[in-house]
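Me: Please take a close look at the sheet in this model. Which strands pair, and what packs on them?

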Amino acid sequence: MEKTLKTAGEFALIEKIKKDFARLQTGQNVSVGIGDDCFCFKTGGQTLCVTKDMLIEDVHFKKEWISPQDLGKKAMEVNVSDIASMGNVKPEYVFIGLGAPADTPLKYVERFYEGIKSVCLKYSVLLSGGDTVKSDKIVISVTLIGKACGKIITRNGAKNGDLIGVTNTFGDAGAGVELLYKHGAKYKYLKEEKYLISKQNKPEARLLQARIISEFATSMTDASDGLFISVSLLAKGADLFCEKIPVSKELLKVAGGRQKSLEYALFGSEDYELVFTVPQKRAAKLKKLLPEISYIGCVNSSKKVRYFYDGKEQKTVYRGYKHF
Ligand code: ADP
Ligand code: MG
């Protein structure tokens with residue numbers, strides 16, 4: 001049977017591309033190559049970081065679920081989130097690729113750009129170009145370039161014994177999108193459910209927190225495909241203590257308890273919170289500076305990410321978001 005993207009999977013594809021192009025990547029001032037949240041390279045005494053993320057209609061969103069303004073904001077914030085993952089990096093220039101059907105109302109596109117603009121103003125990012133094409137569905141491809149202002153924190157750097165830290169709460173966005181799939185946008189939602197949906201539609205990059213965390217962290221990423229996958233990206237072996245995973249009171253209510261909330265937190269997608277590792281002796285100082293972080297586990301020399309609830313190991317089922 002012919003291999004497809006679905007049977008091979010996203011990770012295997014990226015690994016293959018990375019290997020095929022490995023030799024071409026050397027000797028061009030590359031600091032961080034394919035496989036991290038951004039590509040980083042040195043030029044003119046500076047380090048620049050580049051990321052690209054796409055949003056596709058009917059894959060990442062449905063038009064009825066999200067306003068064009070929020071769609072523009074989200075397309076920007078998820079890219080700023082990848083820039084934040086690299087530590088202390090200031091986003092600077094953005095390019096917007098937009099594909100849309102010919103009968104898309106101009107008003108829709110204008111509102112989408114209102115959203116883009118508001119985030120450009122928020123982070124002082126300059127819209128620097130893009131491309132506009134006709135397509136059957138809305139396709140958004142954002143390329144964002146940032147300038148490193150301090151140490152670059154990659155996904156590789158965690159040491160045995162480091163604590164695993166996270167910002168804010170997990171699971172809201174994954175629960176939010178599940179509600180949208182179940183009931184659509186017009187349903188009469190409870191206020192807690194509305195909160196979860198707003199977390200799905202209006203993510204906010206943790207740029208300021210990242211700057212502070214970068215002074216302490218040994219590795220970092222942003223959670224786009226669930227907390228479990230994020231931790232797996234940073235450490236081959238780790239123990240997570242589920243009691244310590246922060247979940248919102250809204251998720252606890254809607255999911256109906258902690259156990260179900262934890263499933264969303266570990267395996268739900270699109271939280272865009274930071275996941276990082278910190279040497280134990282530095283952890284308390286960072287927590288003092290950023291009370292909104294939680295330490296949820298530690299890196300160890302085992303070959304597996306395990307998670308415990310009430311002292312008992314839970315079965316590790318791979319339930320993270322699969323792109324194919
Ligand atoms: P993130 O979720 O942080 O955006 P991804 O999982 O999308 O990261 O990508 C992981 C790495 O693989 C990144 O370095 C990204 O640039 C690279 N990558 C993803 N898709 C491709 C592709 N089609 N060609 C080359 N590199 C890719
Ligand atoms: Mg990322």
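Reply: Here is the sheet, strand by strand, and then the helices on it.

This is a predicted model: local features need pLDDT of at least 70, side-chain atom pairs count only at pLDDT 80 or more, and totals for chains, interfaces and linings use all residues. Residues are numbered from 1 along each chain as its sequence is written, chains are lettered from A and ligands numbered from 1 in the order written, and side-chain values use heavy atoms, leaving out hydrogens and water.

Six strands form an open, mixed sheet in the order 1-2-3-6-4-5. Strands are DSSP runs of E, at least two residues, and helices are runs of H or I, at least four, both numbered from the N terminus. Two strands pair if DSSP finds at least two bridges between them. Strand 1 (30-32) and strand 5 (126-134) are the edges; each has a single partner strand, so one side of each lacks a neighbour in the sheet. Neighbouring strands are turned by 25° against each other on average, direction ignored.

Strand 2 (39-43) and strand 3 (46-56) are antiparallel, with five bridges. Lys42 has Thr47 as its bridge partner. The two strands form a hairpin with two residues between them, and Gly44 in the turn has a positive phi of about 50°.

Strand 3 also runs antiparallel to strand 6 (139-152), over nine bridges. Here Val50 stands opposite Ile145.

Strand 4 (87-100) pairs with strand 5 in the parallel sense, through eight bridges. Val94 is opposite Leu127.

Helix 4 packs on the sheet, in contact (heavy atoms within 4.5 Å) with strand 3, strand 4 and strand 6. Its direction makes about 140° with that of strand 3. Axes are lines fitted to C-alpha atoms, for helices over the stretch in contact, and angles run from 0 to 180 degrees between N-to-C directions. Helix 5 (106-123) lies across strand 4, strand 5 and strand 6, at about 170° to strand 4.
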